[in-house]
Amino acid sequence: MNRKMVSKIVKAIGISSGEMILIHFWGEDTDKEIANSFMAAVAELGATPLLLQQSRSVNRDIFLCAQESCFGEQYFYLFAQFDAVLDIFTYRPVVLGYEIAHDKFALYRKYMAQLFSKFINCKRFTQIRIPTAANAEESGLNPQDYIRRMESAYDIDYAAVYEVCRQAKDRFEGSDNVLLRTGKDCELSFDLTNRVWHIDAGDGDLPCGEIYIAPVEDKTQGTVYFESFYLDGTKYEHVLLYIGNGQITGSNQPDITAFFEKQPPENRVVCELGFGMNPNVTELCGYTALDEKMCGTFHIAVGANNMFGGTNTASDHIDFVGHGTVTISE
């Protein structure tokens, strides 16, 4: 990712002159030029950047010898003072990647939990996946294919995407019920009473380009069809999900039914409805972070939605992406 692209992304995030911006960078020193590029782009907008690097190798060395007294409240208080956090990762965040003693690993996990508890008090929190071979491992894609798709998804006209998202949001604003039609004759109804649509056009989860909402948790009803369906690392085809009183109750695929039967009730709740708006994501590939942003697609999710206006707290948030048409119900 070159400096021109980094500058384009930082401008889309909406950073203002005079703000304090934390560059929270997950990567080794060999990739630190990426963090430096974000620092420079933030400064170019008149904001103040500060770098906190989360290197797996350095964190291993620190937490092999760290004591309980090492990171006190005074330390964590510092990170609640930022206007925005840019959470930039060249590999999977939080994962330490090294075996250390159980008590030391517990201290590491406590450190991360306390750190992120402060981040949520900041005005904005943006996650940025850097197109790297390490991040490709999580996607299930060939590294070259992953990097190509990701760089294309980042290289958009962010103002234009925001405008498309705004128009779509305006279309649904104030509507309490929508109906999603998929497949031959499948219909899924959502109750959106008192829920708010959100736009992700650069200041949320990047690559970006979607609108989304938390439906009323116990009101989603019907059946939804997916031509391709990815679950727990497996691809299924021609999948039906049956949904009653807001929860997935079964599927035409026995393995999918069995998967959801093993989940606690809160992980079966339909927690999100969204629509992709990114013009540079042109085909589904099985990687949700890209697929859910594809123009002309919808996605629903099960699990947690308490972070964007819902009431369901769960251990997971799993998205499923498909094609369909949506209408506003009277």
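Predicted model: local features only at pLDDT ≥ 70, side-chain atom pairs only at ≥ 80, totals over all residues.

Trainee: Why is Arg-149 called buried?

Mentor: The relative accessible area of Arg-149 is 15%. Buried means under 20%, so Arg-149 with its 15% is buried.

Trainee: What makes Val-216 buried?

Mentor: Val-216 has a relative accessible area of 16%. The limit is again under 20%, and therefore Val-216 counts as buried. Val-216 is placed in the loop between strand 9 (210-213) and strand 10 (221-231). Not counting residues up to four places away in sequence, Val-216 touches Asp-191, Leu-192, Thr-193 and Arg-195.

Trainee: How many disulfides does the structure hold?

Mentor: The structure holds 0 disulfides. In general terms, a disulfide is a covalent bond between the sulfur atoms of two cysteines.

Trainee: How do you know that Cys-65 is in no disulfide?

Mentor: The nearest cysteine sulfur to that of Cys-65 belongs to Cys-70 and is 7.3 Å away. A disulfide requires sulfur atoms within 2.5 Å, so Cys-65 is in no disulfide. Likewise, Cys-165 is in no disulfide, with the nearest cysteine sulfur, that of Cys-208, 7.4 Å away.

Trainee: Are these cysteines, Cys-65 and Cys-165, buried or exposed?

Mentor: Cys-65 has a relative accessible area of 52%; exposed means over 50%, so Cys-65 is exposed. Cys-165, at 0% relative accessibility, counts as buried.

Trainee: Let us turn to the aromatic rings. What makes the pair of Phe-79 and Phe-119 edge-to-face?

Mentor: The count comes to 27 aromatic pairs. In the pair of Phe-79 and Phe-119, the distance is 6.3 Å centre to centre and the angle between the planes is 85°. Centres must lie within 6.5 Å, and planes over 60 degrees apart count as edge-to-face; the pair is therefore edge-to-face. Phe-79 lies in the loop between helix 4 (73-77) and strand 3 (84-89), and Phe-119 lies in helix 5 (residues 102-119), so the pair ties together parts that are 40 residues apart in sequence. Phe-79 counts as buried at 6% relative accessibility, and Phe-119 is buried with a relative accessible area of 1%.

Trainee: Why is the pair of Phe-229 and Phe-320 called stacked?

Mentor: The ring centres of Phe-229 and Phe-320 are 4.5 Å apart and the planes are at 20°. Planes under 30 degrees apart count as stacked, so this pair is stacked. Phe-229 lies in strand 10 and Phe-320 in strand 15 (residues 317-322), so parts 91 residues apart in sequence are tied together by the pair. Phe-229 is buried, with a relative accessible area of 1%, and Phe-320 is buried, with 2%.

Trainee: Finally, which element gives the most to the lining of the second largest pocket?

Mentor: Helix 8 gives the most, with 3 residues. About 160 Å³ of space lies in the second largest pocket, and the elements that give two or more residues to its lining are helix 8 (158-172), strand 13 (270-276) and strand 16 (325-328). By class, the lining has 6 nonpolar, 5 polar and 1 charged residues.

Definitions and conventions
Residues numbered from 1 in each chain as written. Heavy atoms only, no water. 1 Å grid on protein atoms, 1.4 Å probe; cavity = no way out; pocket = protein on both sides within 12 Å on 5 of 7 lines; lining within 4 Å. Points joined across faces, edges and corners; volume = space filled by probe spheres on them. Helix = DSSP H or I, 4+ residues; strand = E, 2+ residues; numbered from the N terminus. Nonpolar A, V, L, I, M, F, W, Y, C, P; charged D, E, K, R; others polar. Buried < 20%, exposed > 50% of the residue type's maximum accessible area, 1.4 Å probe, protein only. Contact = heavy atoms within 4.5 Å. Phe/Tyr/Trp six-rings, centres within 6.5 Å; stacked < 30°, edge-to-face > 60°.
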